Amino acid sequence: MGIRNRIRTHVGRNPNPITAHTREAHSRLAGANVTVSVCPYCAVGCSQLIYTKNGRIIDIEGNYDSPISGGTLCPKGAATYGLVNNPDRLTTVRYRPPHATQWEDRSLAWCMERIAQLVKQTRDASYEETDTNGTTVNRTLAIGHLGGATLDNEENYLIKKLWTGGLGIVAVENQARI
Ligand code: SF4
(Lines give C-alpha, C1' and ligand atoms only; values in the text may rest on other atoms or scores of the structure.)
Protein backbone atom coordinates (compact mmCIF):
# COMPACT_ATOMS: atom_id res chain seq x y z
CA MET A 1 0.00 0.00 0.00
CA GLY A 2 1.37 3.42 -0.95
CA ILE A 3 1.91 6.16 1.63
CA ARG A 4 -1.02 8.22 0.33
CA ASN A 5 -3.39 5.30 0.64
CA ARG A 6 -2.14 4.54 4.12
CA ILE A 7 -2.72 8.16 5.19
CA ARG A 8 -6.21 8.13 3.66
CA THR A 9 -7.00 4.85 5.46
CA HIS A 10 -5.80 6.23 8.80
CA VAL A 11 -7.71 9.51 8.43
CA GLY A 12 -10.75 7.55 7.43
CA ARG A 13 -10.59 5.54 10.69
CA ASN A 14 -9.81 8.50 12.97
CA PRO A 15 -10.35 12.00 11.57
CA ASN A 16 -8.74 13.48 14.69
CA PRO A 17 -5.38 11.78 15.25
CA ILE A 18 -4.51 14.00 18.26
CA THR A 19 -5.36 12.17 21.47
CA ALA A 20 -6.83 13.78 24.58
CA HIS A 21 -3.56 13.01 26.37
CA THR A 22 -1.59 14.91 23.72
CA ARG A 23 -4.01 17.84 23.89
CA GLU A 24 -3.53 18.08 27.65
CA ALA A 25 0.25 17.79 27.48
CA HIS A 26 2.21 21.02 27.87
CA SER A 27 5.70 22.27 28.52
CA ARG A 28 6.86 21.93 32.11
CA LEU A 29 7.61 25.67 31.88
CA ALA A 30 3.94 26.51 31.29
CA GLY A 31 2.67 28.82 34.03
CA ALA A 32 6.15 29.49 35.40
CA ASN A 33 7.32 32.98 36.36
CA VAL A 34 10.11 34.22 34.08
CA THR A 35 12.83 36.56 35.31
CA VAL A 36 15.45 38.06 32.99
CA SER A 37 18.93 37.77 34.45
CA VAL A 38 22.60 37.67 33.48
CA CYS A 39 24.83 34.60 33.45
CA PRO A 40 26.91 34.67 36.65
CA TYR A 41 30.07 33.24 35.16
CA CYS A 42 31.98 35.65 32.94
CA ALA A 43 32.21 39.17 31.59
CA VAL A 44 30.51 38.37 28.26
CA GLY A 45 27.26 38.96 30.10
CA CYS A 46 24.96 36.57 28.25
CA SER A 47 21.33 37.01 29.23
CA GLN A 48 19.38 34.22 30.88
CA LEU A 49 15.73 33.49 31.55
CA ILE A 50 15.12 32.10 35.03
CA TYR A 51 11.91 30.06 35.35
CA THR A 52 10.42 29.67 38.83
CA LYS A 53 7.41 27.89 40.26
CA ASN A 54 6.38 28.02 43.92
CA GLY A 55 9.54 29.92 44.78
CA ARG A 56 11.89 27.34 43.26
CA ILE A 57 14.01 27.60 40.12
CA ILE A 58 12.83 24.96 37.65
CA ASP A 59 14.89 25.91 34.60
CA ILE A 60 17.43 28.41 33.24
CA GLU A 61 17.91 29.02 29.54
CA GLY A 62 19.29 31.59 27.09
CA ASN A 63 17.31 34.77 26.41
CA TYR A 64 16.48 35.19 22.70
CA ASP A 65 15.90 38.94 23.18
CA SER A 66 19.49 39.55 24.30
CA PRO A 67 21.52 41.61 21.79
CA ILE A 68 24.65 40.08 23.35
CA SER A 69 23.92 36.38 23.19
CA GLY A 70 20.75 36.01 21.07
CA GLY A 71 19.41 33.09 23.12
CA THR A 72 22.67 31.18 23.27
CA LEU A 73 24.74 30.14 26.28
CA CYS A 74 28.14 28.45 26.27
CA PRO A 75 28.33 25.00 27.96
CA LYS A 76 29.23 26.61 31.28
CA GLY A 77 26.35 29.10 31.19
CA ALA A 78 23.96 26.41 29.94
CA ALA A 79 24.76 24.38 33.07
CA THR A 80 23.77 27.19 35.47
CA TYR A 81 20.66 25.28 36.53
CA GLY A 82 22.98 22.58 37.86
CA LEU A 83 24.75 25.18 39.97
CA VAL A 84 21.63 26.10 41.93
CA ASN A 85 20.03 22.65 42.03
CA ASN A 86 22.95 20.39 42.82
CA PRO A 87 22.47 17.84 45.62
CA ASP A 88 26.24 17.93 46.25
CA ARG A 89 26.28 21.68 46.79
CA LEU A 90 27.65 22.63 50.21
CA THR A 91 25.13 24.62 52.24
CA THR A 92 27.16 25.16 55.43
CA VAL A 93 30.40 27.02 56.07
CA ARG A 94 33.30 24.58 56.21
CA TYR A 95 36.27 25.47 58.41
CA ARG A 96 39.58 23.69 58.83
CA PRO A 97 41.52 25.04 61.84
CA PRO A 98 45.28 25.61 61.47
CA HIS A 99 47.16 22.26 61.30
CA ALA A 100 43.91 20.26 61.48
CA THR A 101 43.20 17.50 58.97
CA GLN A 102 39.39 17.52 59.26
CA TRP A 103 36.83 20.09 58.13
CA GLU A 104 34.26 21.36 60.62
CA ASP A 105 30.83 22.92 60.14
CA ARG A 106 30.60 26.46 61.49
CA SER A 107 27.84 29.04 61.48
CA LEU A 108 27.97 31.86 58.97
CA ALA A 109 28.01 34.39 61.84
CA TRP A 110 31.10 32.71 63.36
CA CYS A 111 32.83 32.70 59.98
CA MET A 112 32.12 36.38 59.26
CA GLU A 113 33.40 37.38 62.70
CA ARG A 114 36.55 35.29 62.24
CA ILE A 115 37.30 36.85 58.84
CA ALA A 116 36.62 40.38 60.13
CA GLN A 117 38.95 39.89 63.10
CA LEU A 118 41.77 38.49 60.96
CA VAL A 119 41.43 41.26 58.34
CA LYS A 120 41.51 43.95 61.06
CA GLN A 121 44.45 42.35 62.85
CA THR A 122 46.48 41.91 59.63
CA ARG A 123 45.70 45.38 58.30
CA ASP A 124 46.64 47.04 61.60
CA ALA A 125 49.98 45.20 61.59
CA SER A 126 50.87 45.88 57.95
CA TYR A 127 49.33 49.22 56.94
CA GLU A 128 51.73 51.68 55.25
CA GLU A 129 50.88 55.35 54.84
CA THR A 130 54.08 55.97 52.82
CA ASP A 131 56.57 53.75 51.02
CA THR A 132 60.33 53.78 51.51
CA ASN A 133 60.65 56.83 49.22
CA GLY A 134 58.19 58.80 51.31
CA THR A 135 55.46 58.57 48.67
CA THR A 136 51.94 58.38 50.06
CA VAL A 137 50.52 54.91 49.39
CA ASN A 138 47.94 54.20 52.14
CA ARG A 139 48.00 50.47 51.51
CA THR A 140 48.49 47.00 52.90
CA LEU A 141 50.30 44.35 50.88
CA ALA A 142 49.62 41.65 53.48
CA ILE A 143 46.04 40.84 52.40
CA GLY A 144 44.79 39.62 49.04
CA HIS A 145 41.31 38.93 47.78
CA LEU A 146 40.30 36.48 45.07
CA GLY A 147 36.68 36.68 43.96
CA GLY A 148 34.71 33.88 42.37
CA ALA A 149 33.16 34.02 38.92
CA THR A 150 29.66 33.70 40.37
CA LEU A 151 29.90 37.08 42.08
CA ASP A 152 27.48 39.51 40.47
CA ASN A 153 28.16 43.10 39.38
CA GLU A 154 26.85 44.59 42.61
CA GLU A 155 28.97 42.30 44.78
CA ASN A 156 32.10 43.08 42.74
CA TYR A 157 31.40 46.80 43.04
CA LEU A 158 31.14 46.56 46.83
CA ILE A 159 34.23 44.34 47.08
CA LYS A 160 36.30 46.82 45.10
CA LYS A 161 34.98 49.77 47.12
CA LEU A 162 35.59 48.14 50.49
CA TRP A 163 38.85 46.32 49.87
CA THR A 164 40.68 48.85 47.73
CA GLY A 165 39.18 52.25 48.60
CA GLY A 166 38.22 51.44 52.17
CA LEU A 167 40.98 49.18 53.48
CA GLY A 168 43.88 49.88 51.08
CA ILE A 169 44.21 46.30 49.84
CA VAL A 170 46.06 46.27 46.52
CA ALA A 171 45.78 42.62 45.43
CA VAL A 172 42.10 42.37 44.48
CA GLU A 173 41.50 39.87 41.70
CA ASN A 174 38.80 37.66 40.28
CA GLN A 175 38.96 34.06 39.18
CA ALA A 176 37.30 34.97 35.87
CA ARG A 177 40.35 37.04 34.83
CA ILE A 178 43.03 34.51 35.74
S1 SF4 B 1 27.12 31.80 28.89
FE2 SF4 B 1 29.33 31.43 28.81
S3 SF4 B 1 30.13 33.11 27.54
FE4 SF4 B 1 28.06 33.71 28.24
S5 SF4 B 1 28.39 34.91 30.16
FE6 SF4 B 1 28.02 32.75 30.71
S7 SF4 B 1 30.07 31.85 30.90
FE8 SF4 B 1 30.28 33.74 29.73
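Three strands make up an open sheet, ordered β6-β7-β8, with mixed pairing. The edge positions belong to β6 (128-130) and β8 (169-174); each has a single partner strand, so one side of each is left without a neighbour in the sheet. On average, neighbouring strands of this sheet are turned by 30 degrees against each other, direction ignored. The model is predicted.

**Strand pairing**
- Strands of a sheet pair through backbone hydrogen bonds, in either a parallel or an antiparallel manner.
- β6 and strand β7 (residues 136-147) run antiparallel and are joined by two bridges.
- In this part of the sheet, T130 stands opposite T136 in β7.

**Helix α6 and the sheet**
- Helix α6 (residues 153-166) lies across β7 and β8.
- The helix α6 runs at about 160 degrees to β8.

**Helix α5**
- Helix α5 (residues 108-126) has 19 residues, which at 1.5 Å a residue should span 27 Å.
- Of the 19 residues of α5, the number buried is zero, so α5 lies largely in the open.
- An α-helix has 3.6 residues a turn, so residues three or four places apart point the same way.

**Ligand surroundings**
- The residues around the ligand are C39, Y41, C42, V44, G45, C46, S69, L73, C74, K76 and G77.
- Sorted by class, this shell holds seven nonpolar, three polar and one charged residues.

Conventions: Residues are numbered from 1 along each chain as its sequence is written. This is a predicted model: local features need pLDDT of at least 70, side-chain atom pairs count only at pLDDT 80 or more; totals for chains, interfaces and linings use all residues. A residue is near a molecule or strand if its C-beta atom, placed from the backbone, lies within 6 Å of it. Ala, Val, Leu, Ile, Met, Phe, Trp, Tyr, Cys and Pro count as nonpolar, Asp, Glu, Lys and Arg as charged, and the others, Gly among them, as polar. Helices (H or I, at least four residues) and strands (E, at least two) are DSSP runs, numbered from the N terminus. The expected span of a helix is 1.5 Å times one less than its number of residues. A residue is buried if 20 or more other C-beta atoms lie within 10 Å of its own, exposed if 12 or fewer, and partly exposed in between; C-beta atoms are placed from the backbone. Two strands pair if DSSP finds at least two bridges between them. Axes are lines fitted to C-alpha atoms, for helices over the stretch in contact, and angles run from 0 to 180 degrees between N-to-C directions. Two residues are in contact if their C-beta atoms, placed from the backbone, lie within 7 Å.
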